[in-house]
Amino acid sequence: MRPTQEPATGAALLAIVPHPDDEAFGLGGLWTRLAAAGERTVLVTLTRGRGGRSLGLCPPERLGDLREEELREAAEILGIARLELHDHHDYVPDGDRGVPRDPGLQAVPEERIVPDLVRIVDEERPAAVVTFAANGSNGHPDHVATHRLAHRALTRADHRPCGIYHYASPDPFDGPARDGFLTPERIRDGWRPPDRRIELTRDELAVKLQALACHRSQALSVLGFARRLTERLFEETFRAATPEGEPLDPDGPVRTVDRL
Ligand SMILES: [Zn+2]
C-alpha cells in the first residue's frame, strides 16, 4: 500500500525538462535560492538540444556537444547538485538546421524514458517537482511530450512530492504559429495563470543572468525571452498540479512565496 504523503527528506527540487536552457529561464532564481540555503537540487534534461540553432558557433552536427557544455556551466553556476543529462531525440524542424528533420521526444517510446524518471524520483525523494504544463508553455512538441512523460513517472513512482508545479506565464501566449508546435489557439486554451510567484533578490537575478548567458548558442532565445517576458527575469511563476498533470486548484489566486 502506497502512503499518500511521505516526509520530504530528500532533494528540495527536481526539475524535468527537455532542453539545455529550459532550466534557466523560469527557474534560475529558485535554483540559486535553494543552493544558497544548502538544499539539494536535481535537474533532468531529456535531450542535448541538437535541434536548436548553432549561430555558426559550431558545425550543426556538434551542437549537442556545445549545448551540453553550456548546460554544465549553467548548472554549476546555479548550484545544481545533480545533473542528469539524457540523450533522447529532440525535435528538429524542416529547413536550415543542418541536421535531418526529427519528430523528437514525442516519438520516443515512453518505456525508454519513464523508468529512468521513476528511478530518479524515488532516489531523490524531491519535495517539489517542476516541469512543463500540458501546452508546453509555447507549444514546443518536446515540452508537450515532457509534460506527459514526467507525469507518467510521477504517477508511477513510490515517492509522492509535497508539491508538483508547472511553469506558468502570467499572460497567455501571444507568439506566432510555428511548424510542428501546438497552434496558438491550443496553447492559449491550455494556459492557466500562475498561483505561485517567487520574487528574486538582486543577487539571485545576477546569478540567473550569468546562467542564462552560458547558453551562448541560444542567444536569440535568451534575448527574445528578455524582450518579451522581461518581468519573468526577476519573478518566477508556477501553477500547482496533481500527479496526473491537472491544475490542483484551477481558480486559486496567485500567492507570493519564498520557495516551492
Ligand atoms: Zn525547451
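Buried residues account for 45% of the 260 residues in the protein, where buried calls for 20 or more other C-beta atoms within 10 Å of a residue's own, with C-beta atoms placed from the backbone. This is a predicted model: local features need pLDDT of at least 70, side-chain atom pairs count only at pLDDT 80 or more, and totals for chains, interfaces and linings use all residues. Numbering starts from 1 along each chain as its sequence is written.

**Overall build**
- You get 10 helices and 8 strands here, taken as DSSP runs (helices are H or I, at least four residues; strands are E, at least two) numbered from the N terminus.
- The radius of gyration is 17 Å, close to the 18 Å that the globule rule gives for 260 residues, so the protein is as compact as a globular protein of that length. The radius is taken over C-alpha atoms, and the rule is 2.2 Å times the number of residues to the power 0.38.
- The C-alpha trace spans about 50 × 40 × 35 Å along the principal axes.
- Take contacts (C-beta atoms, placed from the backbone, within 7 Å) between residues at least 6 apart in sequence: 81% of them join residues at least 24 apart.

**The sheet**
- The 8 strands make an open, mixed sheet in the order S3-S2-S1-S4-S5-S7-S6-S8; strands pair if DSSP finds at least two bridges between them.
- S3 and S8 (255–256) sit at the edges with a single partner strand each, so one side of each has no neighbour in the sheet.
- H3 packs on the sheet and touches S2 and S3, its direction making about 160° with that of S3. Axes are lines fitted to C-alpha atoms, for helices over the stretch in contact, and angles run from 0 to 180 degrees between N-to-C directions.
- S5 (163–167) and S7 (235–241) pair antiparallel over 4 bridges, and tyrosine 167 stands opposite phenylalanine 238 in S7.
- H6 (141–156) lies across S1, S2, S4 and S5, at about 155° to S4.

**Helix H3 and its surroundings**
- Among the buried residues of H3 are Leu63, Arg67, Glu70 and Leu78.
- Their cover includes helices H1, H2 and H8 along with strands S2 and S3.
- Glycine 79 follows H3, with a positive phi near 75°.

**Leucine 34**
- Leucine 34 belongs to helix H2 and counts as buried because it has 23 C-beta neighbours inside 10 Å.
- Leaving aside neighbours within four places in sequence, leucine 34 contacts Ala12, Leu13, Glu39, Thr41 and Arg259.

Methods. A residue is buried if 20 or more other C-beta atoms lie within 10 Å of its own, exposed if 12 or fewer, and partly exposed in between; C-beta atoms are placed from the backbone. Two residues are in contact if their C-beta atoms, placed from the backbone, lie within 7 Å.
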